Each structure stands twice: as C-alpha cells, then as structure tokens.
Amino acid sequence: MKNFEELIQFVQKNPQKKKVAVAAAHDEHTLEGIHRAYENGIAVPILIGDQAKIESIMKKEGFSFPEAEVVNIGDDAAAARRAVRMVREGEADFLMKGKLQTADLLKEVVNKERGLQKGGLMSHFGIFEVPGYHKLLVLTDGGMLPYPDTGEKAQILMNAVKVLNGLGYENPKVAVLAAAELVNPKMQESVDGDLLKTMNREGKLPGCIVEGPISYDLAMSPEAAEIKGYSSPVTGDTDILLMPNMTSGNLLAKAFQFTAGAKMAGMIAGAGAPIVLVSRGATAEEKYLSLVLSAASANKQKID
C-alpha cells in the first residue's frame with residue numbers, strides 16, 4: 001500500500017464494520033479518534049468507562065455514535081477487564097486503550113486465565129507514511145521489548161509479517177538493521193541479522209524475504225546500494241524495518257514523525273486481537289489511523 005488512504009479504502013470495502021472495545025473511554029482525544037473512525041465507516045465502538053464523563057464529552061464535542069454501546073464502569077481496572085473479556089469472547093474485534101495506565105490494560109491482556117495472549121510474544125507494530133518513500137513502511141519493535149534476543153526478534157519479525165500477510169502482502173521485504181552490512185561478532189545486531197536471514201532461507205521464517213544485516217541507507221536507497229556495489233531484492237523496496245532494540249526503534253519512529261513529517265499508526269501485534277495502544281502524546285489523527293490499522297488487521301474470534 002502506498003499510503004494511509006489506500007489502507008482506509010481497504011477497510012471501508014468490508015461491509016461488516018469491526019467493533020472496538022474501548023477501555024476507560026472517558027477521554028476527549030480518544031473519543032475524537034473514535035468519532036472519526038465511526039463517521040468514516042471504520043469501526044463501531046463499545047465505550048466502557050464513566051458514562052457521565054463519556055456523555056459529557058460527547059455533548060461538548062458534538063459526537064454521536066447511534067450504533068455504539070456504552071458500558072458504565074467507573075473503575076479503570078474493571079473497565080480494562082470488561083473490555084478484554086468482550087474481545088476474548090468475540091463480542092468485539094479488537095481492543096483500545098482509553099484514559100488509563102498502560103500497565104492496567106496489559107495486566108488484563110496477559111492474564112493467563114482471562115487475557116488475550118496466545119502463548120507467543122507481543123510486539124509493537126508501527127506503520128508510517130514517510131514523505132519521500134514510495135509506500136507505507138513498517139517499523140518494529142519500538143515500544144514493547146527493550147533488548148530482544150535472536151529468538152525474540154524472530155517472533156517480532158513474524159508478528160509483523162503476519163499482519164502484512166493479512167493485508168494482502170504476499171512476501172513483504174524485511175530489513176534487519178545494523179550499522180553495516182557485514183557480520184561483526186562484536187555487534188550482536190549484525191549476528192542476529194545473519195541468523196534471521198539464514199532462518200528465512202531455511203523456511204523457518206516463511207511468508208517474507210529477509211535481508212540482514214543491512215544498514216539503513218542500503219535498505220532504503222537504491223542509489224546508496226549502487227555506489228557501494230550492494231545487491232538485494234530488499235534494497236530500496238523495504239516493507240519492514242526490524243530494529244536492533246526498542247530504543248533505536250523509538251528514536252527512528254520519532255525522527256520519522258517529528259523531523260521528516262511522517263504520519264503514523266500503531267498497534268500491539270501477537271495477541272489474540274489487535275490492541276490500539278498509543279502514547280499519551282499521540283494526536284487524534286494518530287489514534288484514528290491506529291484504529292484503521294487495527295480494524296484492517298482484526299478478525300473476530302473467540303479466544304480459547
């Protein structure tokens with residue numbers, strides 16, 4: 001997909017609107033993003049939280065959700081529990097964090113008895129519309145796992161690949177980033193890149209094309225690759241940037257947004273359903289686009 005407009009159209013083609021369970025929905029920016037998603041036929045919300053506050057914000061802002069359900073729960077932890085349960089039992093397609101602590105929501109998500117985990121690793125999936133790049137670009141992981149080892153990077157990679165496969169990508173191209181394209185035993189990210197590429201060639205990481213280790217310039221610029229005499233199907237056509245660690249992912253994501261003027265959508269992948277979990281400083285547009293992304297990725301299911 002070239003841009004977010006194509007992703008929006010992808011979701012709108014589905015006549016069945018997805019349902020999103022919003023935990024602690026009494027938040028102005030959250031409701032603004034939800035309202036835009038509702039108006040554009042992206043999702044129908046189930047608003048779980050302080051009903052008086054929710055209705056007050058809706059009245060003040062002129063929001064209207066005729067098809068929406070409001071569940072009056074004043075306690076944030078209880079709201080998170082109800083929202084997770086509704087997704088788990090198939091009453092909603094995906095989950096969204098409202099005005100509550102991230103830890104309170106994730107505590108319910110990872111609960112072994114009533115949560116959404118399927119036994120795998122959860123990771124953050126960020127997708128960007130970057131000016132100057134010819135298509136949407138995924139960056140992972142920039143928000144969940146501080147220092148993933150090789151096995152965890154393999155799971156992060158496959159979480160991202162499965163999302164793109166679900167969006168119609170047959171063989172997304174993955175760049176396992178490092179400072180250089182050569183393996184250096186003193187630089188673990190380069191060793192990881194080589195191992196992940198080997199795993200891909202052996203069929204252990206299916207549904208994608210993996211290149212690594214590879215530097216950012218070679219992943220993104222065919223001109224840089226030509227100058228350096230580097231050849232790869234990933235060069236200049238990367239779909240997924242697999243980051244060395246969370247800090248590097250977080251920094252590059254913010255550089256895209258605040259310096260390059262990129263638009264972003266993000267969600268947690270690897271659970272039983274997508275989770276819209278954006279930062280406190282996220283704009284209403286980012287929340288809206290994250291709803292679009294999650295709606296595009298969601299498939300209603302009862303999680304056993």
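Reader: Is Phe65 buried or exposed, judged by its relative accessible area?

Author: This is a predicted model, in which local features need pLDDT of at least 70, side-chain atom pairs count only at pLDDT 80 or more, and totals for chains, interfaces and linings use all residues. Residues are numbered from 1 along each chain as its sequence is written, and side-chain values use heavy atoms, with hydrogens and water left out. Buried means under 20% relative accessible area, exposed over 50% and partly exposed in between (1.4 Å probe, protein chains only). With a relative accessible area of 7%, Phe65 is buried.

Reader: How many aromatic pairs does the ring rule give?

Author: Rings of Phe, Tyr and Trp (its six-membered ring) pair if their centres lie within 6.5 Å. By this rule the count is three aromatic pairs.

Reader: Which geometry do the rings of Tyr38 and Phe65 adopt?

Author: Planes under 30 degrees apart count as stacked, over 60 as edge-to-face and the rest as tilted. The ring centres of Tyr38 and Phe65 are 5.6 Å apart and their planes stand at 85°, so the pair is edge-to-face.

Reader: How many residues apart in sequence are the parts that Tyr38 and Phe65 tie together?

Author: Helices (H or I, at least four residues) and strands (E, at least two) are DSSP runs, numbered from the N terminus. Tyr38 belongs to helix H2 (residues 28-39), while Phe65 sits in the loop between helix H3 (51-61) and strand E3 (69-72), so the parts tied together are 27 residues apart.

Reader: Which residues do ring pairs link into a cluster?

Author: Tyr38 is buried, at a relative accessible area of 9%. The cluster linked by ring pairs consists of Tyr38, Phe63 and Phe65.
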